[in-house]
Amino acid sequence: MSVFSEVPQAAPVAVFKLTQDFTNDQFPKKVNLGVGAYRTDEGQPWVLPVVKKVEKIIVHDDRLNHEYLPILGLPEFRSSASKIALGDNSPAIQENRVGAVQCLGGTGALKMGAEFLRRFYNGDNNTKTPVYVSAPTWENHNAVFSNAGFEDVRPYKYWDGEKRGLDLTGFLGDLESCPERSIFVLHACAHNPTGTDPTQEQWKQIAEVMMRRKLFVFFDSAYQGFASGSLEKDAWAVRYFVSLGFEMFCAQSFSKNFGLYNERVGNLTVVARDPDNLKRILSQMEKIVRTTWSNPPSQGARIVAITLNTPELFTEWKDNVKTMADRVLLMRAQLKAKLQSLGTPGTWEHITDQIGMFSFTGLNPKQVEYMVKEKHIYLMASGRINMCGLTTKNIDYVAESIHEAVTKVQ
Amino acid sequence: ICLQFSSLLLFCFGLCSSWWGGVQMGPPDPILGVTEAFKRDTNPKKMNLGVGAYRDDQGKPFVLSCVRKAEALIASKQLDKEYLPIGGLGEFTKACAQLALGNDSEVLKSSRNITVQTISGTGSLRIGANFLSRFHGGPRDVYLPKPSWGNHTPIFRDAGMQLKAYRYYDPSTCGFDFKGALEDISKIPEQSVILLHACAHNPTGVDPRPEQWKEIADIVKKRNLLVFFDMAYQGFASGDIDRDAWAVRYFIEQGHNIVLSQSFAKNMGLYGERVGGFTVVCKDAEEAKRVESQLKILIRPIYSNPPMNGARIASTILSTPDLRSLWLEEVHGMANRIIKMREQLAAGLKKNGSSHNWQHVIDQIGMFCFTGLKPEQVERIIKEYSVYMTKDGRISMAGVSSGNVGYLAEAIHAVTK
């Protein structure tokens, strides 16, 4: 009698199943608008030229070995990564109250932050503390926090499906009515999946309520630089909140902006009240890291650290990032233009109003099914498309298919 | 102006207390503490025997040639950096399972194992612990040998399991307490989880002999226990990968459907690349698929998918005949150097005129040696001889070289005579 005979088959993770179905599809004009990775105009993955350069440097450096990193990670990676988020001249950094934990991708950073909060945030047992994630949000946010022990993970109003934009009133309403000291997961920029970000004025309103009601700020920053093409612009919200004096976390991912997806490069930036708080926080983070992965992988962190800390390479990197951001912006502009010229019913301003890799098209589940089954265009059931999947070669086919879906299927 | 303004804001909001005021300073890591003290010591003859990473005879970190060659091969392929599947690099997990189970394994032939890539040994143990915590129908108790690797306890505890122990190390012989182990294991409640070190027990270096393993397998079966093997030193212990995996393979042959953690940190020197595997041997292929789906659900909210670099290196080595042969030579070389240092240490103690029996230094296997030094003796050897080890008298043989083994023998003799 097997001990595992009762283990049920789990449902596959939707976004990966989508890619699998796409891979198995034989249709010659198929298009994958599912998983969130950058593609060139030839529809190919893109290893950033600066990354190739730095990898060569690493491979030829005989002084480098494969020894363990410290538990919290590569020091030069942690500090330079935090600087990218907070800015070179960040007062918080100058006041020695910013620290970081190198983690396995953005997911790992969220995980470490969540585990820490559950143990230490508001008393020593936060299993009942509400954690708010946007409606909708990246599908893994829920699981990260609930697996860390939070029993009450709830949505806050965010996306207004009717007007296809931010439901600011709803958002602010949830901020006003939630239990004090609730934890809020905020998308720093390029909201996933909607691509809809608050404006600076709206962020100010959000911050005011959060400060007044003592809510915890946990930023998820997975697209810095990738959204607008400017590191500073994409970090505006994070830096604004820091300037107000929040004690906060920021989970950073270098998967997209460095194209280092499979090396798992992430950083949990901790902004504390003072150096003493910071020291104690990091000492407890070490304990959590130690029982999860002991110490993080070195390759990706080395690539990022060398790039960020070498002026010419840093410039080249910013250039590479702008290349990616610009292509996405171009596809947005072209898709909107084509839909408008086709006379596709509805407004399509949101295609260019939205920012980052993803767009919430507004297609309903039936229309999505049509796209997938009849047109072999793979997108998430939510209507989310990855703009990176569009190329100059397939954009006409996609625009025409959207037109068909909207006009034929209700 | 900006600095003043934000400080003012901070002052105002600082009147309400920090979120983290109640966070205590975490206890210092005992092993790290040894290294810190070693670094501060100015004695030119100082030795760091706390280090858990292999060192060559010059005391330097050792990057294996097969690793460098594999890296060059990989670099020439210009691969992309797309996300790996949640369960990791397929070529790696296949090779990883084959290495542990053997090429002729019936388990592999019938596809009744699921092997996922993990964040080295720690990550593997953690995923395993989480899996058992969620799905194991038996008692939530994990039985560890006494003593065991320090990190085992917090890993299982954080995953929601409870820790118990069975006798293992006999301080009076510096060897295996076989009788005590069998007695304790025979009393473990059915369906509990028992953790076994496959080879090169950490921290004692004491492994059961094959006949003893057979009896352990027997009683474990009688008690219907779920076996969790931790294999962090395959190849590194005896120098022979098949010999070091013998216990794992024997248990499987005897019908135990084990769970297994593997690390490539030591045997491939890939410490910082975090290369490991977690295997569940299931009843059949169908069960393996179900278990796989649940492992993915566990992994996704922790780190989504594992890092590529180390797994790519390991899999290249294992599946490229030249590199695999080279690896086997090099791992044999590392194990041999350790074995030689053990012999020289024992001989040196004898030469110094020690009246104690130091046979255990030679009998023990792997990176670590439980010297038998008592806490007061450890304190003396650190203070008077600048020989750094953990309080339990454990030394890492990796920190011993032909250049300092003589000094070590003198120092140990001095504090134990």
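Predicted model: local features only at pLDDT ≥ 70, side-chain atom pairs only at ≥ 80, totals over all residues.
## A salt bridge between the chains

A:Glu263 and B:Lys81 form a salt bridge through their side chains, with an N to O distance of 3.4 Å.

## The interface of chain B and chain A

Chain B contributes 77 residues to the contact, and chain A contributes 80 residues. Together the two chains bury about 7,000 Å², of which 57% lies on carbon and sulfur atoms. On the side of chain B, the residues that lose the most area to chain A are B:Trp19, B:Trp20 and B:Lys81, which together account for 15% of what that side buries.

Six helices of chain B each supply at least two residues to the side that touches chain A: H1 (2–14), H3 (65–77), H6 (120–135), H7 (152–158), H12 (285–303) and H13 (308–319). The largest share, 11 residues, comes from H12(B). By class, the residues on this side of chain B comprise 39 nonpolar, 20 polar and 18 charged.

## Two domains within chain A

Chain A is divided into two domains. Domain 1 is made up of residues 14–46 + 325–408, while domain 2 covers residues 68–309. The C-alpha centres of these two domains of chain A are 29 Å apart.

## The interface between the domains

Within chain A, 20 residues of domain 1 are in contact with 18 residues of domain 2. The two domains of chain A bury about 1,500 Å² between them, and 63% of that area is on carbon and sulfur atoms. In domain 1, A:Ile355, A:Phe358 and A:Phe360 lose the most area to domain 2, together 37% of what that side buries.

Across this interface between domain 1 and domain 2 of chain A the rule finds 0 salt bridges, whereas 6 residue pairs are in polar contact, both at pLDDT 80 or more. Helix H13 (311–342) and strand E11 (358–360) of chain A are the elements that give two or more residues to the side of domain 1 that touches domain 2. That side of domain 1 has 11 nonpolar, 8 polar and 1 charged residues.

Conventions
Residues numbered from 1 in each chain as written. Chains lettered and ligands numbered in written order. Heavy atoms only, no water. Domains from an automatic or database assignment. Contact = heavy atoms within 4.5 Å. Buried area = accessible area lost by both parts, 1.4 Å probe. Salt bridge = Lys/Arg side-chain N within 4 Å of Asp/Glu carboxyl O. Polar contact = N/O pair within 3.5 Å; in protein donor to acceptor, adjacent residues only side chain to side chain. Helix = DSSP H or I, 4+ residues; strand = E, 2+ residues; numbered from the N terminus. Nonpolar A, V, L, I, M, F, W, Y, C, P; charged D, E, K, R; others polar.
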